[in-house]
Every structure is written in C-alpha cells, then in structure tokens.
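Please examine the sequence and the 3D structure shown here before reading on.

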Amino acid sequence: MKRLKNLSLLTLLAALMVFMAACGGTTTSTDKKEGTAKKEAPKIEEVKELSGTLSISGSSAMQPLVAAAAEEFMAENPKVDIQVNAGGSGTGLSQVAEGSVQIGNSDVFAEEKEGIPADQIVDHKIAVVGMTAAVNPKVGIKDIKKADIIKVFTGKITNWKELGGADQKIVLVNRPDSSGTRAIFNKFALDGATPAEGITEDSSNTVKKIINETDGAIGYLAFSYFTDETVTPLAIDGVEPTAENVQTGKFPVWAYQHSYTKGEATDLAKTFLDYMMSNDIQNTLLQEQGYLPVTKMQVERDANGNQKNL
C-alpha cells in the first residue's frame with residue numbers, strides 16, 4: 001500500500017512537471033513571436049519640411065506670373081522665402097550665369113542674347129505667350145496678310161485704304177529695342193525686319209490705350225490684353241489669334257517664357273520649377289495671368305525659330 005501511494009505521488013509530480021514545462025515553453029514561444037513582430041514593424045519616416053531662400057530675377061513680363069506662383073508656394077511652405085525681381089531678360093540671364101540668383105527668367109532663348117554663356121545654363125520652359133498686331137477699331141480691318149504686316153511696320157504701306165481699310169494714315173506704336181515683346185513680334189511677325197520709326201512705349205496697357213485713342217494706330221499685344229473691344233486683334237493670313245491655334249502651330253506669333261538655372265536645377269529651385277509645371281499652376285494660375293500652358297503645346301520651337309510637331 002505504501003508503495004502504491006509513493007508511485008501515485010511520483011506520477012502526480014511527473015505530470016505536474018510536464019504541465020509546467022509546457023506552459024513555460026508556450027510563454028517563451030509567444031515572447032519570441034512578439035519580439036519578431038516588433039522587430040519587423042515598418043518605420044514611419046518623417047516628411048522633411050521645405051525651408052530656405054530662393055532668388056529669382058529677369059523678365060519684367062514674367063514677374064507677375066512667377067511672383068503669384070511664389071506666393072502660393074510660400075503659403076504651402078511657410079519656411080521658404082522666395083524673392084522675385086524684374087530687371088529684364090538680359091539681367092536674369094546674366095545673374096543666373098554668374099550665380100548671383102538661382103533662377104533667371106527670360107522672354108527669349110539664352111542663345112539669342114549676346115554675352116550670355118548659354119552652354120552653362122539650363123532652360124526650363126514654363127509657359128507660352130501668344131501675341132498679334134492690334135489696330136484702332138476705326139481702321140476697318142480684322143485680317144491681314146503676313147507680307148502686308150511687314151510692309152506696314154517697315155513703312156512701305158502708309159495708309160489703311162491700301163489694304164481695304166479706312167482712308168487713314170498708319171500710325172506705328174512700337175516697343176523699345178530692349179523689349180522682349182518687340183523681339184518676339186519682330187522675329188515671328190516681321191521675319192526679322194526692322195520696324196520704321198513711330199511712337200515708342202514699353203507698357204502693354206499704355207500701348208493698348210494709345211491704339212484705342214489714335215486714329216489709324218497699329219501696335220502689338222499679348223492675347224491676354226484682348227479683353228474688350230477697345231482695340232481690334234488681327235488674324236494673320238486668315239488664322240485667328242487663339243490659344244488653340246498657337247498650341248497646334250497654326251498661328252505664327254508666339255514664344256516660350258523661360259526659367260534658366262546654372263546647370264541642372266537642384267534642391268529648392270528644382271522643387272519650385274516642378275511646382276510651376278504642376279497642373280494647378282499650368283491649368284489655373286498661369287492662364288489667369290494670360291499665358292498659355294506649355295504642357296498643352298502640340299508643337300515646339302528651338303532657338304533658331306524652327307518649329308516641329310511633338
């Protein structure tokens with residue numbers, strides 16, 4: 001009987017040890033699994049907030065657009081400061097080439113400006129501007145042949161009646177030699193011909209006012225200034241001056257708006273230029289400022305004016 005009790009006690013003790021060992025093993029296994037799970041949990045990387053200063057200079061015509069985009073960019077990135085100054089395309093190209101600004105804006109290709117090391121700076125085309133000749137409404141014409149535009153601006157045709165218009169003396173309203181608008185019009189509307197002497201005015205708003213108030217006057221303006229009937233925009237060779245006709249390459253007088261960087265764009269300059277090419281800017285702000293989205297162009301031009309389909 002005593003042996004039986006001892007045997008029962010040993011059996012019970014052995015069973016208890018097995019149970020405890022099993023519980024201990026389960027706990028260890030669970031700890032290992034939890035440890036593995038913790039080790040494999042993905043790390044959440046913090047998004048780095050943009051900060052720094054960006055200096056931009058150049059084209060006076062581009063300043064309102066770039067400044068407006070900069071304001072929106074800074075509102076989204078409060079630790080960024082962007083300074084946008086004018087001074088003209090030549091200034092912007094010179095300063096970006098020498099490294100005193102990060103972005104230089106220009107109405108023309110760097111290759112078209114003397115003294116600019118075009119091989120050292122990189123072109124970023126951010127917008128397109130279309131323009132056409134504009135006349136006083138009393139002139140009485142709405143379409144003109146390109147060959148006749150050249151004759152008008154070079155002084156070979158001096159009265160509108162020669163083109164089927166009113167019997168009025170032609171009054172030319174030109175831009176100063178330094179004007180990017182003049183360079184574009186001369187190149188693509190006048191085929192490089194030198195205009196005759198006339199009234200010279202740089203401000204587009206003033207040019208529009210002079211044309212409206214002067215019988216027989218003709219000048220040239222970007223599409224964005226044709227918001228009323230105070231002046232008449234001219235079709236050229238039967239092609240209307242519209243955004244669609246520029247984008248398809250049918251209308252001849254248009255040009256890129258350029259932002260140049262010294263070498264490839266990096267850091268804050270690259271981020272801002274990417275922002276300029278975003279849908280928000282190209283399809284809203286840019287068009288509100290009177291420009292055409294470069295992203296919708298179906299043709300492209302090089303520095304020599306050669307055009308091809310995309």
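The model is a predicted one, in which local features need pLDDT of at least 70 and side-chain atom pairs count only at pLDDT 80 or more, while totals for chains, interfaces and linings use all residues. Residues are numbered from 1 along each chain as its sequence is written, and side-chain values use heavy atoms, with hydrogens and water left out.

The secondary structure of the chain amounts to 9 helices and 13 strands; these are DSSP runs numbered from the N terminus, helices being H or I with at least four residues and strands E with at least two. The chain has 310 residues, and 42% of them count as buried. Here buried means under 20% relative accessible area, exposed means over 50%, and partly exposed lies in between, for a 1.4 Å probe and protein chains only. Of the contacts between residues at least 6 apart in sequence, 73% join residues at least 24 apart, a contact being heavy atoms within 4.5 Å.

Side chains of opposite charge can pair when their charged atoms come close. How many salt bridges does a search of the whole structure find? The search finds 10, where a salt bridge is a side-chain nitrogen of Lys or Arg within 4 Å of a carboxyl oxygen of Asp or Glu.

One of them joins K138 to D215, with the closest N and O atoms 3.9 Å apart. K138 lies in the loop between β4 (121–135) and β5 (143–144), and D215 in the loop between α6 (204–213) and β8 (217–222), so this pair ties together parts that are 77 residues apart in sequence. K138 is exposed, at a relative accessible area of 57%, whereas D215 is partly exposed at 44%. Both residues of this pair are also among the contacts of Q168, which include K138, V139, T158, N159, W160, D215 and G216 once neighbours within four places in sequence are left aside. Q168 itself sits in the loop between α4 (146–153) and β6 (171–174) and is buried, with a relative accessible area of 15%.

A further salt bridge links K208 and D228 at 3.3 Å, N to O. Because K208 belongs to helix α6 and D228 to the loop between β8 and β9 (232–233), the pair ties together parts that are 20 residues apart in sequence. K208 is buried at 10% relative accessibility, while D228 is partly exposed at 38%. R182 and D177 also meet through their side chains in a salt bridge, at 3.3 Å from N to O. In that pair R182 is buried at 12% and D177 is exposed at 68%.

The pockets come next. On a 1 Å grid over the protein atoms alone, a pocket is an open set of points with protein on both sides within 12 Å along at least five of seven lines, and lining residues have an atom within 4 Å of a point. The largest pocket has a volume of about 630 Å³, a volume being the space filled by probe spheres set on the points, which are joined across faces, edges and corners. Its lining consists of 29 residues, and S60, A61, D107, T181 and S204 lie nearest the centre. The elements giving two or more residues to this lining are α2 (63–76), α3 (89–98), β4 and α5 (180–188), and α5 provides the largest share, 3 residues.

The second largest pocket holds about 230 Å³ of space. Among its 21 lining residues, D107, V108, F109, E112 and A183 are the closest to the centre. Two or more residues come from each of α5 and β11 (254–262), and the largest share, 5 residues, again comes from α5.

The last stop is helix α9. Which residues of helix α9 (residues 279–288) are buried? They are I281, Q282, L285 and L286. Seen down the axis of α9, these buried residues fall within an arc of 130°, so they line one face of the helix; the arc is that of the directions from the helix axis to the C-beta atoms. An α-helix has 3.6 residues a turn, so residues three or four places apart point the same way. The buried residues of α9 pack against α2, β4 and α8 (267–276), and the face turned away from them carries the exposed residues N279, D280 and E288. After α9 comes G290, which has a positive phi near 95°.

Notes:
On a 1 Å grid over the protein atoms alone, a cavity is a set of points where a 1.4 Å probe fits but cannot get out, and a pocket is an open set with protein on both sides within 12 Å along at least five of seven lines; lining residues have an atom within 4 Å of a point.
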